[in-house]
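Please keep the sequence and the model at hand while reading.

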2 protein chains.
Amino acid sequence: MAVDHQEGTSPSPGDRPVTGDLFDPACPTRELLDRIGDRWTSMLVKVLAHAYPGECGFAELRRAAPGISHKMLSQTLRHLIDDGLVSRRVEAAVPPRTWYSLTELGRTLDEPLAAVRAWAEANMPAIRDARRRGR
Amino acid sequence: MAVDHQEGTSPSPGDRPVTGDLFDPACPTRELLDRIGDRWTSMLVKVLAHAYPGECGFAELRRAAPGISHKMLSQTLRHLIDDGLVSRRVEAAVPPRTWYSLTELGRTLDEPLAAVRAWAEANMPAIRDARRRGR
């Protein structure tokens with residue numbers, strides 16, 4: 001059976017990304033999918049999208065995502081910043097305060113992630129039924 | 001800052017799932033997001049959606065997702081089956097052959113996942129730029 005291999009990007013030696021094969025093990029889009037598919041990323045993007053174009057403080061983000069550890073929140077924010085999806089602003093107060101907001105690029109990620117969250121929400125009852133039948 | 005807490009499902013003591021809070025640590029939708037957000041799930045749903053309503057064999061799925069181990073493919077398929085997203089059919093041949101296909105529910109998952117894949121694909125160049133600038 002033929003399989004469609006159209007999506008994805010492959011690493012290229014210079015500046016120019018080359019559209020390639022999502023199924024290529026070296027495809028960076030796969031790494032990106034792992035990052036943006038993760039539950040904490042999805043939750044933080046949702047919270048920050050709600051505040052957009054406003055900012056949220058670290059403590060506020062932590063309160064909005066109960067269950068996230070300090071370390072996991074720092075790490076998830078670091079990845080979002082590295083990927084250009086979140087920007088970080090340090091306010092010269094005493095003590096200094098740090099603020100986080102979605103970049104324009106990050107804001108565009110909320111729409112597809114919201115579609116996945118909405119699917120999960122809408123179909124959770126059917127999935128719980130399937131799990132119960134499988135027991 | 002107010003945070004929208006409308007999405008998600010909370011566990012309920014009986015058969016009836018209760019719409020609840022995605023940010024509740026016990027929310028099963030969060031567990032589901034982790035599963036469906038994972039790269040292999042996204043890839044397998046894509047491959048099976050392409051074949052839909054046809055079936056794919058194990059070896060064919062493995063070829064279509066280079067880099068996936070035998071164990072990871074088995075485990076991902078097991079989760080998809082448990083969640084009612086994939087069905088498994090054993091063909092009484094010698095040796096028996098096993099076929100996998102998306103259920104109707106599984107087919108509906110391809111659309112939101114395709115939106116995330118498309119976002120990742122379209123924005124990978126901007127993200128690679130951000131990573132390069134961050135170095």
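At what angle do α2(B) and helix α5 (residues 104–134) of chain B pack, and how far apart are their axes? The two helices pack at an angle of about 120 degrees, and their axes are 9 Å apart. As a result α2(B) is oblique to α5(B).

The model is predicted: local features need pLDDT of at least 70 and side-chain atom pairs count only at pLDDT 80 or more, while totals for chains, interfaces and linings use all residues. Residues are numbered from 1 along each chain as its sequence is written, and chains are lettered from A and ligands numbered from 1 in the order in which they are written.

Helices (H or I, at least four residues) and strands (E, at least two) are DSSP runs numbered from the N terminus. Axes are lines fitted to C-alpha atoms, for helices over the stretch in contact, and angles run from 0 to 180 degrees between N-to-C directions. Angles under 35 degrees count as roughly parallel, over 145 as roughly antiparallel, 65 to 115 as roughly perpendicular and the rest as oblique.

**Helix packing**

In chain A, the axes of helix α2 (residues 39–51) and helix α5 (residues 104–134) come within 9 Å and cross at roughly 120 degrees. This makes α2(A) oblique to α5(A). The crossing of α2(A) and α5(A) is left-handed, a term used when the near helix is turned anticlockwise from the far one by less than a right angle. On the α2(A) side the contact (C-beta atoms, placed from the backbone, within 7 Å) includes Val45(A) and Leu48(A), and on the α5(A) side it includes Leu109(A) and Leu113(A). The residues of this contact divide into five nonpolar, two polar and four charged; Ala, Val, Leu, Ile, Met, Phe, Trp, Tyr, Cys and Pro count as nonpolar, Asp, Glu, Lys and Arg as charged, and the others, Gly among them, as polar.

In chain B, the crossing of α2(B) and α5(B) is left-handed. Among the residues that make the contact are Ser42(B) and Lys46(B) of α2(B), and Asp110(B) and Arg117(B) of α5(B). The contact of α2(B) with α5(B) comprises five nonpolar, two polar and four charged residues.

**The sheet of chain A**

Three strands of chain A form an open antiparallel sheet in the order β3-β5-β4. Its edge strands are β3 (56–57) and β4, each of which pairs on one side only. Strands pair if DSSP finds at least two bridges between them. α2(A) packs on this sheet, touching β3, β4 and β5 of chain A, and its direction makes about 90 degrees with that of β5(A). Six bridges join β4(A) to β5(A), and Val86(A) stands opposite Leu102(A) in β5(A). β4(A) and β5(A) form a hairpin with five residues between them. Two bridges join β3(A) to β5(A), where Cys56(A) stands opposite Tyr100(A).

Most peptide bonds are trans.

| Cis peptide bond | Omega |
|---|---|
| Val94(A) and Pro95(A) | about -5 degrees |
| Tyr52(B) and Pro53(B) | about 0 degrees |

Pro95(A) lies in the loop between β4 (86–91) and β5 (97–102) of chain A, and Pro53(B) in the loop between α2 (39–51) and β3 (56–57) of chain B.

Definitions and conventions: Two residues are in contact if their C-beta atoms, placed from the backbone, lie within 7 Å.
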